Amino acid sequence: MGAAHQAYLLEARQMQALSFAVHIPLVCFGIAFPAMVLFCEWLYLRTGDELYRTLARRWTRIMAALFAVGVITGTILSFEMGLLWPNFTATFGGVFGLGFAIEGFSFFLEAIFIGIYVYGWNRLSPRAHFWSGVPIVIAGMTGSLMVIAVNAWMNHPGGFRMVHGHAVDVHPLKALFANSFLWPELSHMYIAGYMVTGFLVAGAYAIGKLRGKGRPPTRYERVALAIPLTIAALASPVQVLVGDWVGRDVAEAQPVKLAALEGLAHTTRGAPEHLLGWYENEKVKYGIEIPKLLSLLAYHDPDATVQGLDTVPKDRQPPINVVRFAFQAMVGIGTALALLGVWLLFVRVRFGRLPRSPWFYRAVALAGPGALVALIAGWVTTEVGRQPWVVYHVMLTSEAVTGAGGIVVGYTALALVYLGVACGVVWILRRLARSELREPDPPATASAA
Amino acid sequence: MHLYAIPLIFVLIGLVLYAVLAGADFGAGFWQLLAGPGERGAPIRDYAHKAMAPVWEANHVWLIFVLTVTWTAYPSAFGAIASTLCVPLFIAGLGIVMRGATYALRAGTASVREQDRVDLVFALSSVLTPFALGTVVGAIAARQVPTGNAAGDILSSWTGATPLMIGVLAVANSAYIAAVFLAADAHRTGRHELEEELRRRALLAGLVAGAAAVAGLIVVHADAHFLYTRLLSGGALAAVIVSALAGAGTLALVAARRYELARYSAALAVAAVIAGWALAQQPLLLKGLTVQQAAAPHDTLVLVVVAVLGGGLILFPSLALLFRLVLGGRLDHGEEPHAAAPAAGPAQLLAVSSAGLLARVAGALLLTGFGTLTIAEAGWAHAIGICALLGFIVVGFFAIVPAQLAESE
């Protein structure tokens with residue numbers, strides 16, 4: 001279809017980034033929240049205890065509202081595939097599109113069964129209602145599998161050959177699923193979904209606990225805190241190991257991205273790691289240097305040779321400081337969350353209870369927004385780190401962009417509308433948290449059992 | 001039938017379902033707008049809102065289906081359409097965002113005034129979105145979209161008489177379908193007053209939609225004569241006649257209060273119009289681009305067909321279940337005491353001894369995962385490692401949480 005000149009490429013990229021940043025937190029809730037709600041309902045089915053049912057119903061309302069917003073922000077993303085990057089889709093739609101076509105079906109099943117689940121409380125038999133929630137969890141898995149398959153392909157493309165600007169010899173299954181990038185990236189995102197959801201939900205209850213000032217929490221509050229907190233606490237140490245796995249794959253297939261993450265200007269044997277600092281004039285200034293750590297982490301060998309940024313021309317390097325800061329933010333926050341998780345697990349295993357220190361709950365309250373920042377920072381790392389390529393070493397982002405004008409107008413309009421949506425979401429979550437369920441709550445005797 | 005045309009059939013089927021099902025939702029918004037603010041319009045607005053609640057999200061996924069199959073199977077055509085028609089598509093996108101957001105927000109409104117505001121944004125975007133999408137269809141039909149990256153004019157391509165007329169027709173049709181569907185729902189749930197009001201609206205909207213269709217033909221005659229001649233010959237003509245008959249038939253069925261049949265004849269009228277458009281346009285997809293030229297490579301087409309058929313095997317039974325529950329009144333709003341809790345007493349969730357065992361298993365899984373994912377180098381070891389680590393999360397969760405909940409009894 002041909003590349004077009006676009007004066008506002010940066011604005012197009014920012015508009016795409018904004019759309020992702022709004023959608024991805026909702027995806028986390030789509031991945032993890034249905035499983036938590038279903039777990040509560042399963043507890044209810046096993047024990048007959050109305051408390052679990054009340055909790056599941058309350059969470060269902062939040063799940064439904066967030067899913068509705070996720071549907072529309074996801075729709076915008078699929079529009080933008082054509083509105084912003086028509087040449088990317090026109091050239092490679094035949095290669096990666098299948099992933100989205102299958103994802104469309106996952107999305108469909110999610111929407112259908114969310115409809116049944118949300119409106120089926122009180123209407124279906126308890127067992128049938130529980131089972132109507134299971135496809136939501138499964139569709140959340142397959143949906144994220146498909147989307148990550150496409151992103152992994154953009155980072156590590158295969159399954160086609162380029163001849164005169166056209167993709168030939170196209171094998172979509174090979175492109176999407178026979179890709180070494182897929183499984184680490186999928187695991188990383190899937191676990192992130194549980195961390196973000198777990199810490200955000202737990203954080204909301206932790207704030208309630210801190211505000212209660214010594215008032216012993218009700219059993220409802222304890223349960224509502226324990227479930228999401230335990231999931232997040234188990235997931236976050238695992239995420240450190242999975243992140244290390246992703247990093248080793250990046251070192252192998254995208255050495256320039258790794259060099260940008262670490263601010264490594266020249267190819268180095270036994271490369272050091274720099275914490276913090278600022279990349280300028282081909283070195284990291286004001287950083288804390290740890291000798292040989294980068295070689296050790298990337299290749300499991302302290303004397304391994306790590307490729308530097310100087311192996312590609314300047315206009316083929318991503319913006320170093322953006323990528324480096326995003327990466328360090330993700331790793332720093334991720335490590336802190338893992339330590340928080342270990343704290344909880346240690347107290348749990350050693351003393352058989354939750355930690356009592358108010359500092360623990362203050363940390364949990366911060367962990368929700370922290371996990372969100374780490375999530376976005378992680379996506380900045382992988383997406384900006386891939387620049388200037390949209391399909392790594394195959395198509396430049398500047399070749400993918402639309403030739404149409406008006407990007408700035410569209411970007412402004414979308415930003416304003418999303419700002420309004422964000423205010424609306426905050427407003428409705430507060431309303432839903434306060435308002436009573438329409439059905440009278442179970443009698444006190446049931447919850448005192 | 002050639003392989004390269006099969007995904008297009010899927011796209012057209014998706015478009016028909018979107019136009020009928022989402023059209024009914026858009027139209028419901030249109031009637032909310034006409035019902036007006038405050039207490040006076042509240043019954044119709046409430047009713048329109050609740051009638052679409054359980055199916056709302058599913059109805060709108062048809063658009064995602066249409067988009068994804070188009071860009072997979074006809075990537076170059078998708079790129080050309082999306083870049084040249086970026087303005088109406090973007091307007092539709094924003095409309096969808098505002099609709100969805102206000103739809104979700106309505107659940108949190110507490111006063112009539114709050115509801116009025118939310119409903120107004122919802123209703124306006126419900127009119128704007130089908131109009132914008134209609135102009136996209138009109139611009140493609142009027143051959144205003146050349147191949148290439150934003151090769152057509154981004155304004156004049158969709159502001160001609162034909163695209164605008166199709167936009168109006170899309171709104172009129174949505175309103176007609178919505179009134180028929182809502183009247184059918186009111187009839188089913190025994191709300192006779194509402195049924196009568198909605199029936200009147202359906203009859204009126206049917207007449208307006210019919211008049212708009214005739215006006216559309218006149219506009220096309222003047223503005224895009226090639227389209228006019230092709231619409232009124234061969235298979236396309238047959239489709240146009242079927243559509244006209246089905247539209248008029250729906251009117252008669254509504255007049256006779258045979259609403260359930262009217263649902264299907266209204267859908268048939270829409271399906272026939274879209275079929276007529278496709279027949280009038282074949283073999284061209286866009287100006288100077290045949291379906292065959294636009295099609296993706298062979299392997300991709302085969303996989304798309306397999307994926308859609310396979311997906312359909314799961315999708316259609318699920319969708320049938322949803323609609324059966326909705327039309328059977330199983331998911332209706334209103335308060336009913338919930339079914340009795342299952343017979344189980346306050347049973348122990350898991351015995352304490354098994355919690356100890358689970359904790360040990362979780363620890364073993366964590367060590368295995370660390371060894372095989374982090375230390376080992378081989379791909380197969382990594383596969384074991386990630387499974388072990390996910391297992392650690394799940395087993396660890398069941399080791400900790402049920403015991404903890406049991407303690408807080």
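Trainee: Among contacts in chain B between residues at least 6 apart in sequence, what percentage join residues at least 24 apart?

Mentor: Two residues are in contact if their C-beta atoms, placed from the backbone, lie within 7 Å. In chain B, 77% of the contacts between residues at least 6 apart in sequence join residues at least 24 apart. Please note that this is a predicted model, in which local features need pLDDT of at least 70 and side-chain atom pairs count only at pLDDT 80 or more, while totals for chains, interfaces and linings use all residues. Residues are numbered from 1 along each chain as its sequence is written, and chains are lettered from A and ligands numbered from 1 in the order in which they are written.

Trainee: What does the secondary structure of chain B come to?

Mentor: Helices (H or I, at least four residues) and strands (E, at least two) are DSSP runs, numbered from the N terminus. Chain B has 15 helices and two strands. Its C-alpha atoms fill a box of roughly 80 × 55 × 35 Å along the principal axes.

Trainee: Is Ser125(B) buried or exposed?

Mentor: A residue is buried if 20 or more other C-beta atoms lie within 10 Å of its own, exposed if 12 or fewer, and partly exposed in between. Ser125(B) has 23 other C-beta atoms within 10 Å, so this residue is buried. Ser125(B) belongs to helix α6 (residues 112-141) of chain B. Beyond its neighbours within four places in sequence, Ser125(B) contacts Gly95(B), Met98(B) and Arg99(B). Of the 409 residues of chain B, 54% count as buried.

Trainee: Which residues touch the most other members of the largest nonpolar core?

Mentor: A nonpolar core is a set of buried Ala, Val, Leu, Ile, Met, Phe, Trp, Tyr and Cys residues joined through C-beta atoms within 7 Å. The largest one has 308 residues, and Ala179(B), Val180(B) and Leu182(B) touch the most other members. Helix α3 (residues 86-120) of chain A supplies its largest share, 21 residues. The core lies between domain 1 (3-327) and domain 2 (352-407) of chain B, because both give residues to it. Those domain bounds come from an automatic or database domain assignment. The C-alpha centres of the two domains lie 50 Å apart.

Trainee: How many residues does each chain bring to the contact between chain A and chain B?

Mentor: Chain B brings 86 residues and chain A brings 88 residues.
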